[in-house]
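Biologist: Can you walk me through the packing in this one? I have the sequence and the model open.

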Amino acid sequence: MEEPKVLTFGSINIDEFFEVPHIVSSGETITSSKYCQRAGGKGANQSVALAKAGALIWHAGKIGRDGEWIKKYMNNHGVRVDHIIISEDQPTGRAFIQVSQKTRDNSIVLLPGTNHMISLDEARKILSQEFGVNDWVIMQNEIGQIGGEILKLCKEKGLTTVFNPSPLSENIINVFSFNLVDYLIVNKLEAVQLYKQISGFSSDEDISIQDLLTFISIKFKHIGIIVTLGSEGLYAWYRPEQKVFNLPAFKTKVLDTTGAGDTFTGYFVSSIVRSLKQRRTNNSFSTILPTAEDFLDALKEATVASGLAVSQLGAMESIPSFNDVQKSKIMFDI
């Protein structure tokens, strides 16, 4: 039986950074002292993290001719790029990012570009070619409302689904069927926003992580849930045994948190898939559930990887190698 394949169906962006004296005001023209261009997009970042973690990973998405260098860059990192579609007349998604020299605050203008131009027919064609019940799909919320329809297609094909609903839009529960999600990965702000959308609760009163986990796990009984808390670690709900895990963060010197969440997602999924591969006998991968030990080990690996990522500058560039994560994981004694 073939090794499980992982498909990231998500965004690819060109990130353009402008270092400025301060964030520009309305009607003001200022000069940037430094400019750089980097590969980005949550989908692309997660694909590269999965590749670095050793997964058999494909990326599906759409770029313009101006983004072909990102396709090559991802492929150089081990991502299969057969399902990245190229538009001849539309631009790749872009993020125009101002970074203040004084405060390091930023201001971002997003152009969805080709990320919002994926069609359902294109998605069907991709999924029909080589993905099925033994495989996994990871999705985010950067490819427009078509994402909800693609999630349905993936579940119809029997894929295990991982959803990182970032950025969390106001109507996300109407676009994506959360009952089709097997693993939900959110930060605390996203968990609170999701709770408010589902419950109709609008108060600004603080909600505990335990209450958030309980509410989401009752509402969606089959979902495994991870709520990341940045420097405070994470809480996670292991569905089969209804067990809650609480891990601290892996402490490093923080330089740039941009790619931490995407690094976490990639390493978590890769670790789970690796554990299933090691324990498989004659069963299909789709009938095997990770044990509590597998789940906890994946949380640890992802926590270490994201901790290493924030100690480096950049998003995709900061994702650590598998060997570096394994070496540091030994020191993560909890």
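Biologist: What is Trp136 in contact with, leaving aside its neighbours within four places in sequence?
Modeller: Counting contact as heavy atoms within 4.5 Å, its partners include Lys5, Val6, Leu7, Tyr183, Val269 and Leu276. This is a predicted model, where local features need pLDDT of at least 70, side-chain atom pairs need 80 or more, and totals for chains, interfaces and linings use all residues. Numbering starts from 1 along each chain as its sequence is written, and side-chain values use heavy atoms, without hydrogens or water.

Biologist: How many residues are in the largest nonpolar core?
Modeller: That core has 49 residues, and Trp136 is among those with the most contacts inside it. Such a core is a set of buried Ala, Val, Leu, Ile, Met, Phe, Trp, Tyr and Cys residues joined through side-chain atoms within 4.5 Å; buried means under 20% relative accessible area, exposed over 50%, partly exposed in between, with a 1.4 Å probe and protein chains only.

Biologist: Which helix gives the largest share?
Modeller: Helix α9 (residues 292-309), with 8 residues. Helices are DSSP runs of H or I, at least four residues, and strands are runs of E, at least two, numbered from the N terminus.

Biologist: Switching to α3: which residues are buried there?
Modeller: Ala123, Ile126 and Leu127 are.

Biologist: What covers the buried residues of α3?
Modeller: The cover includes β1 (6-9), β4 (57-64), β5 (80-87) and α4 (146-156).
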